[in-house]
Amino acid sequence: MRSPLLDLPGAVAADGVDADVAAHYGDLYGEQRALLKGEAVVDRSNREIVRIAGADRLKWLNDLTSQKLDTLRPGEWTQTLILDLQGRVEHHLTLVDDGEAVLAHVEPGTSDALVDYLDRMRFMLRVEVSRVDDLAVLSTATEDFYVPRGDHQGKPLAGIWAYEALRIEQHRPRLGFDTDHKTIPHEVGWIGSAVHLSKGCYRGQETVARVHNLGHPPRRLVFLHLDGSVDTLPPHGAPVIFESQEVGTVGSSARHHELGPVALAVVKRTVPVDATLLAGGVAAAQEVIVPPDAGRNVQIDPTLRRRIR
């Protein structure tokens, strides 16, 4: 649904899944600085909103997803994941409970599949799931709000490009940009922020626990400082090369007002942390987000490990 704020003077539409909101309003770096100072907000109304109401909503969501939600307090924001049976990420939800219902926002184009899954899991519980079309997501550099569509609270606007540059700097992955169909939460740093390691059972928990206690995720998210002398940014999906071998792919990339061109990429766990990489043909120095030794937090007898394998 196209944002009414795209009709404001200076608004330039983004592309891809963000095409319904503004990429910028004419001053990319100024918009980033304004966001950091808390002087601007970002129209993210292309995000899709799902409402879960009913007396059983928090206990039900706690049983279905990776975050501990049964004790969530009204007004407290959090993130959670829906995983498949193999522990791979299917949905990433950013949500808040208002005391009567949970409002969760998700990536553009994913809410229909999410609502369909939740509807199939309702059984006899007191929950109701629906799409919300009259609200939109408005964001600062660190917080989200729900507002009526087209409302920017009278504050200056920054475009989605400014928001994305700061998100990348903050090492925050985005579903479908920095993940693929094989991604497990450990690979992109969602343990803790979106996964509670000591809550009750949910689909995919076995993989989460196994990797956390006994193994390592096969890939890891890295932050890339790109060569600023190159005019273009590596596109999403571009190969990451180390010693003539493809070792990963580029996810999100942006131009940061202080750091220059930056990106997130997912690479093989075994890539040396100090290695210089080529990301879509652009030289890149990496900064560790997920360390190579992530997981395997419980030490067990080596003979037992052989039996488990």
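## Terms and model

Buried means under 20% relative accessible area, exposed means over 50%, and partly exposed covers the range in between, with a 1.4 Å probe and protein chains only. By that scale, Arg203 is partly exposed, with a relative accessible area of 27%.

This is a predicted model: local features need pLDDT of at least 70, side-chain atom pairs count only at pLDDT 80 or more, and totals for chains, interfaces and linings use all residues. Residues are numbered from 1 along each chain as its sequence is written, and side-chain values use heavy atoms, with hydrogens and water left out.

## Overall fold

The protein has 6 helices and 17 strands. Its radius of gyration is 20 Å, close to the 19 Å of the globule rule for 309 residues, so the protein is as compact as a globular protein of that length. The radius is taken over C-alpha atoms, and the rule is 2.2 Å times the number of residues to the power 0.38. Helices (H or I, at least four residues) and strands (E, at least two) are DSSP runs, numbered from the N terminus.

Along the principal axes, the C-alpha atoms fill a box of roughly 70 × 60 × 30 Å. Of the 309 residues, 49% count as buried. Contact means heavy atoms within 4.5 Å. Among contacts between residues at least 6 apart in sequence, 65% join residues at least 24 apart.

## Surface and charge

The accessible surface comes to about 14,600 Å², and 51% of that belongs to carbon and sulfur atoms. Areas come from the Shrake-Rupley method with a 1.4 Å probe; for residues, only the protein chains shown count as cover.

There are 34 positive and 43 negative charges, and their mean positions are 8 Å apart. Lys and Arg count as positive, Asp and Glu as negative; His and the chain ends are not counted. Each charge is placed at NZ of Lys, CZ of Arg, CG of Asp or CD of Glu.

## Salt bridges

The structure holds 22 salt bridges. Each is a side-chain nitrogen of Lys or Arg within 4 Å of a carboxyl oxygen of Asp or Glu. One of them pairs Arg203 with Glu90 at 3.0 Å, N to O. Arg203 sits in the loop between helix H4 (160-169) and helix H5 (205-214), and Glu90 in strand S6 (residues 89-97), so the pair ties together parts 113 residues apart in sequence. Glu90 is partly exposed, at 39%.

Another bridge joins Asp112 and Arg131 at 3.4 Å, N to O. Asp112 belongs to helix H3 (residues 111-120) and Arg131 to strand S8 (residues 128-132), so this pair ties together parts 19 residues apart in sequence. Asp112 is exposed, at 56%, while Arg131 is partly exposed, at 34%. Arg219 and Glu187 also form a bridge, at 3.1 Å, N to O. Both Arg219 and Glu187 are buried. Shared partners link Asp18, Arg47, Glu107, Glu164, Arg167, Arg174 and Asp178 into one salt-bridge network.

In H4, 8 of the 10 residues are buried, so the helix is largely enclosed by the rest of the structure. Among them are Tyr163, Glu164 and Arg167. Just after H4, His171 takes a positive phi of about 65°.

Leu72 lies in the loop between helix H2 (57-64) and strand S5 (78-83). Leu72 is buried, at 9% relative accessibility. Leaving out residues up to four places away in sequence, Leu72 touches Leu58, Thr78, Leu95 and Asp97.
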